[in-house]
Every structure is written in C-alpha cells, then in structure tokens.
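Please open the model in your viewer and keep the selection tool at hand. The tour moves from one selection to the next and says what is there at each stop.

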Amino acid sequence: MYLCKNIDSLDMKKGFMIAAPTSGAGKTTLAVGLMALLARNGYNVQPFKCGPDYIDTMFHGLVCGRPSVNLDLFMATCEHVRELYRHYSADADITVVEGMMGMYDGYERHKGSPAEIATTLGLPIVLVVDASHTGFSIAPLLYGFKHFSEKVNVIGVIYNKVGSEKHKRLLHEACEQVGLECFGFIPKRNEAVNGERYLGLDFSSKVDVSVLADMVEDNVDWRRLIKRCESVDMAIDDIEEHVGSEKILVARNAESFSFLYQEHIDILKSMGSVEYFDPEQNMEIPQDTTLLYLPGGYPEKHLDSLQSAERCRRSIREYAERGGRIIAECGGMMYLCESILSDDGEAEMCGVLPYKITAKKADRKLSLGYRRVVMDGKEWRGHEFHYTQFVEPKPHSAALVYDARGNIVDSPVIRQGNVMASYTHLYWGNEKNNLFIW
C-alpha cells in the first residue's frame with residue numbers, strides 16, 4: 001500500500017479542497033458552482049477529483065473548459081499524485097479539488113481519503129456540511145474534523161440546506177465556537193440536485209451551470225475564501241515530451257464509452273496520434289490502427305445502437321484476429337464479448353471474446369472496490385464498479401486480483417492474444433514504462 005509522508009510545505013498553486021463529513025452533503029453541487037463562478041469571474045480554474053470517479057469530472061470539465069484530473073492514493077504513489085497536481089495546474093490561476101465520500105473515508109480507514117490527499121498536496125479544506133437537521137449541536141462535529149489530525153488543515157465551512165435566519169445564526173455560532181470560518185449558507189430553496197441515475201448522477205441531463213454559479217455568488221463569500229488560501233509560486237519540473245508513432249484509436253461516447261482518466265489520454269498522446277470513434281456509428285475502424293482502447297461506460301443501455309453498428313463490430317473483430325492490440329475495461333470488455341443479455345433479449349456484440357454478459361435485473365450484483373492486479377510479476381492498481389456479470393462459466397483469469405485489504409477477488413482478467421480485458425479500470429499513471437503486456 002502507498003503511504004504518504006506529510007509535507008511541511010510544497011510549492012503549489014493557490015487552491016483548496018471541497019470535502020464533507022459524509023456523502024450526500026452537496027460537495028459536487030458546491031464544487032461545480034464554485035468552479036463556474038470563478039471561471040465567470042475570469043479565473044483559469046484547474047479542477048481535480050479525489051478517487052476513481054468519471055462522472056463528477058465531466059461536470060468539472062464542462063464548467064472549467066479544461067479536463068478534470070483524478071487524484072487517487074490507492075492507485076498512484078504520493079509522488080505521482082504531486083506530479084499530476086503540478087503538471088495540470090501549471091498554467092492555472094487556481095485549483096479546486098473535489099473530495100469523495102466522507103473526508104476521512106479511504107480504502108482502509110483514512111488511507112487514501114480526501115484528508116490524506118489534502119495533506120499530500122498541502123491543500124486547505126473547506127467543509128460542506130448538511131445542516132438540515134442540526135443547529136448548534138454541529139459544533140462538536142466541526143471540532144472533531146478540525147482537530148482529529150493536526151496534519152489536516154480545515155479552514156472553514158459552507159453550510160447546505162439552511163432553513164432560516166435563526167438557523168444561520170446558530171450555525172455561525174457553532175463555527176465561532178470551534179474557530180472555523182463560516183464562508184456561507186446555501187438555503188434549502190436553492191438546493192440544486194441532479195437526478196439519481198444508474199450507478200450515480202445523471203450526467204446526460206441538462207445542467208444549467210449558471211444557476212449553480214448564481215447560487216454560490218448569492219450565498220457564499222467566495223472572495224474571502226480565495227483570499228484565505230495562500231498563494232505561492234509553483235516550481236514546475238520540466239517534463240520531457242516525446243511523441244511516438246502509434247496510431248491509437250479510443251472509443252468515446254456520452255454513455256457507452258465514457259469512463260476515461262485524462263492522464264491516460266495524455267499518456268496515449270505521448271505514444272503517438274490519438275483519434276476517437278463512436279462504436280454506435282456504423283463505421284469501420286481505420287486499417288492503420290496499432291492500439292485500440294475501449295474504456296468503460298454503459299453499453300448495456302445502448303444495446304440496439306451497438307448491435308445495429310455491424311460494420312464497426314466486424315472491423316474490430318477482424319482487427320483482433322489480425323493480432324491487433326486492444327485494452328478493454330468493464331463496458332469495453334462487455335462490448336468485445338459474444339453478446340449481452342438484457343430483459344429485452346440478447347444483443348450481439350463484437351465476438352472477440354467467447355463469453356456472454358448478463359445485464360438482466362434478476363442477475364444484477366454489485367461488484368465495487370479497489371483492485372490490485374498481479375500478472376507476470378508486475379502489479380497494476382485500479383477500481384471496479386459494475387452490476388453486470390459473466391454468464392457461467394466465467395473465463396479463466398490470467399492474473400491474481402486482490403481488493404484493497406489483500407483478499408482475493410473473483411474478477412477475471414482476460415488475456416487472449418493481444419487483447420487485455422477485465423472489469424477493472426486499471427490506472428496506468430504509475431506504469432508508464434510498463435503499460436502494456438505485449
């Protein structure tokens with residue numbers, strides 16, 4: 001496991017982390033609103049997201065006009081997380097990092113938690129607190145988050161779901177009691193909530209980011225928050241750029257193939273040219289492709305479109321038969337299989353892998369968590385999150401797969417010719433020199 005040494009100082013951009021005591025407190029709403037407001041006021045904002053999240057990063061990128069980058073201390077070393085932060089914020093005016101779950105929730109107690117990421121980067125933390133069922137009694141909770149670790153710098157609070165002026169006064173007094181700044185109150189009537197959907201927030205819905213920005217501007221003293229974050233010049237290490245000769249093709253679609261880390265795209269670009277294609281469009285993949293990357297998503301929600309794009313499926317099957325190199329993760333792996341079963345029937349997929357996947361409601365089973373994949377003496381780390389399953393018999397696994405606590409997980413890694421496929425979304429950032437198995 002990667003354990004970070006805490007730092008007294010680290011040359012970083014002006015920035016802060018939005019975290020919360022629990023999930024569901026409103027982190028994403030506040031983070032996106034702050035990003036949108038800062039961008040509207042002329043700031044060049046670099047967004048980041050703690051953990052292996054693909055959906056919140058889409059919202060971040062939408063409002064900031066630049067890709068949001070994942071920071072994860074299970075899949076990456078502390079040094080690599082710092083390198084990512086330095087590199088992607090080099091030309092930004094300010095950084096906003098959105099936490100995950102509760103502030104101290106990690107893969108093992110607090111390890112890998114937003115709190116540990118904040119200390120790794122030397123970032124101050126602003127807590128978003130759901131105040132809907134509490135008053136001054138919130139003070140002991142705030143005191144605990146401020147003092148639980150002397151290495152964590154909680155500087156203030158933004159309250160969400162505030163009911164009245166009297167409620168505001170009680171909450172403000174709680175901050176005064178424990179020595180935290182109160183940056184604002186989001187009233188219940190202004191609560192901006194995105195609809196729940198399959199495996200998370202509905203990133204396909206229309207989100208009026210101007211409403212979120214207005215909400216923050218009207219209810220949060222954001223200028224005081226920015227001033228509270230110290231600004232230091234950032235020492236950027238020179239990064240050698242080398243562009244290879246690979247012809248890389250990446251599947252990209254709003255839902256079917258959408259789970260991408262920005263760092264992965266940048267790594268691929270360093271290897272050669274990168275082009276995108278939509279497997280729902282009935283077009284053959286280019287003949288000169290040297291690497292095909294099929295990321296995760298929800299192909300089970302678009303079975304008719306994927307099955308109808310027969311020319312695309314056939315060209316991918318023929319590419320694999322010629323020895324083409326393919327990396328397929330979760331939804332991408334499902335797309336490579338013979339077919340996907342749903343409650344509406346069975347849809348043909350690429351037929352590269354001789355397996356079937358069931359997405360029937362009766363077969364849904366949650367598989368969730370960090371993964372360590374050990375193969376050929378090398379280790380990769382990643383994350384798994386899906387409800388679909390293999391139709392028995394399952395494929396043989398070419399690797400040993402463990403969870404974050406070292407328990408063996410029955411999640412096969414398929415290695416067939418030059419095809420590498422699994423339900424696990426691997427993180428490549430630490431393995432730039434040993435990225436592929438060929």
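Select Tyr159 in this predicted model and display what surrounds it: leaving aside neighbours within four places in sequence, Tyr159 is in contact (heavy atoms within 4.5 Å) with Val129, Ala131, Ile138, Leu142, Leu171, Ala174, Cys175, Cys182, Gly184, Phe185 and Ile186. Tyr159 is also one of the residues with the most contacts inside the largest nonpolar core, alongside Phe16, Leu71, Met103, Leu127, Leu142 and Ile158, and this core has 84 residues. A nonpolar core is here a set of buried Ala, Val, Leu, Ile, Met, Phe, Trp, Tyr and Cys residues joined through side-chain atoms within 4.5 Å; buried means under 20% relative accessible area, exposed over 50%, and partly exposed in between, with a 1.4 Å probe and protein chains only. Helix α1, residues 27–40, gives the most to this core, with eight residues. Apart from this core lies another, of 36 residues, among them Ile316, Cys330, Leu353 and Val419.

Before going further, a word on how to read the selections. Residues are numbered from 1 along each chain as its sequence is written, and side-chain values use heavy atoms, with hydrogens and water left out. Because the model is predicted, local features need pLDDT of at least 70 and side-chain atom pairs count only at pLDDT 80 or more, whereas totals for chains, interfaces and linings use all residues. Helices (H or I, at least four residues) and strands (E, at least two) are DSSP runs numbered from the N terminus, and the protein has 12 helices and 23 strands. Of its 438 residues, 57% count as buried, and residues 24 or more positions apart account for 74% of the contacts with a separation of 6 or more.

The axes are lines fitted to C-alpha atoms, for helices over the stretch in contact, and angles run from 0 to 180 degrees between N-to-C directions. The residues in contact include Leu30, Leu34 and Leu37 of α1 and Leu212, Ala213 and Val216 of α7. By class, the contact of α1 with α7 has 10 nonpolar, three polar and three charged residues, where Ala, Val, Leu, Ile, Met, Phe, Trp, Tyr, Cys and Pro count as nonpolar, Asp, Glu, Lys and Arg as charged, and the others, Gly among them, as polar.

Now select helix α3 (residues 78–88) with helix α9 (residues 262–271), which pack at an angle of about 80° with their axes 12 Å apart; this makes α3 roughly perpendicular to α9. Here His80, Leu84 and Tyr88 in α3 meet Gln262, Glu263 and Asp266 in α9, a contact with two nonpolar, two polar and two charged residues.

Which residues of α2 are buried? Selecting helix α2, residues 55–64, shows that seven of its 10 residues are buried, and these are Ile55, Asp56, Thr57, Phe59, His60, Val63 and Cys64. Gly65, with a positive phi near 70°, follows α2.

Move on to Cys330, in the loop between β13 (325–329) and α12 (331–336). Cys330 has a positive phi of about 50° although it is not a glycine, and it is buried, with a relative accessible area of 5%. Asp376, in the loop between β17 (367–375) and β18 (378–386), likewise is not a glycine and has a positive phi, of about 55°, but Asp376 is exposed, at 58% relative accessible area.

Then select Lys356 in strand β16, residues 353–358, which counts as partly exposed at 32% relative accessibility. Beyond four places in sequence, Lys356 touches Glu338, Ser339, Leu341, Glu346, Gln389, Phe390 and Val391.

In the loop between β19 (389–390) and β20 (400–402) find Pro393, which a cis peptide bond with omega of about 0° joins to Glu392.

Finally, colour the model by pLDDT, the predictor's confidence in each residue from 0 to 100. The mean is 89, and 88% of the residues reach 70 or more. Values stay under 50 over residues 7–11 and over residues 193–201. Where pLDDT is low, the predicted coordinates should not be read in detail.

How values were computed
Angles under 35 degrees count as roughly parallel, over 145 as roughly antiparallel, 65 to 115 as roughly perpendicular and the rest as oblique.
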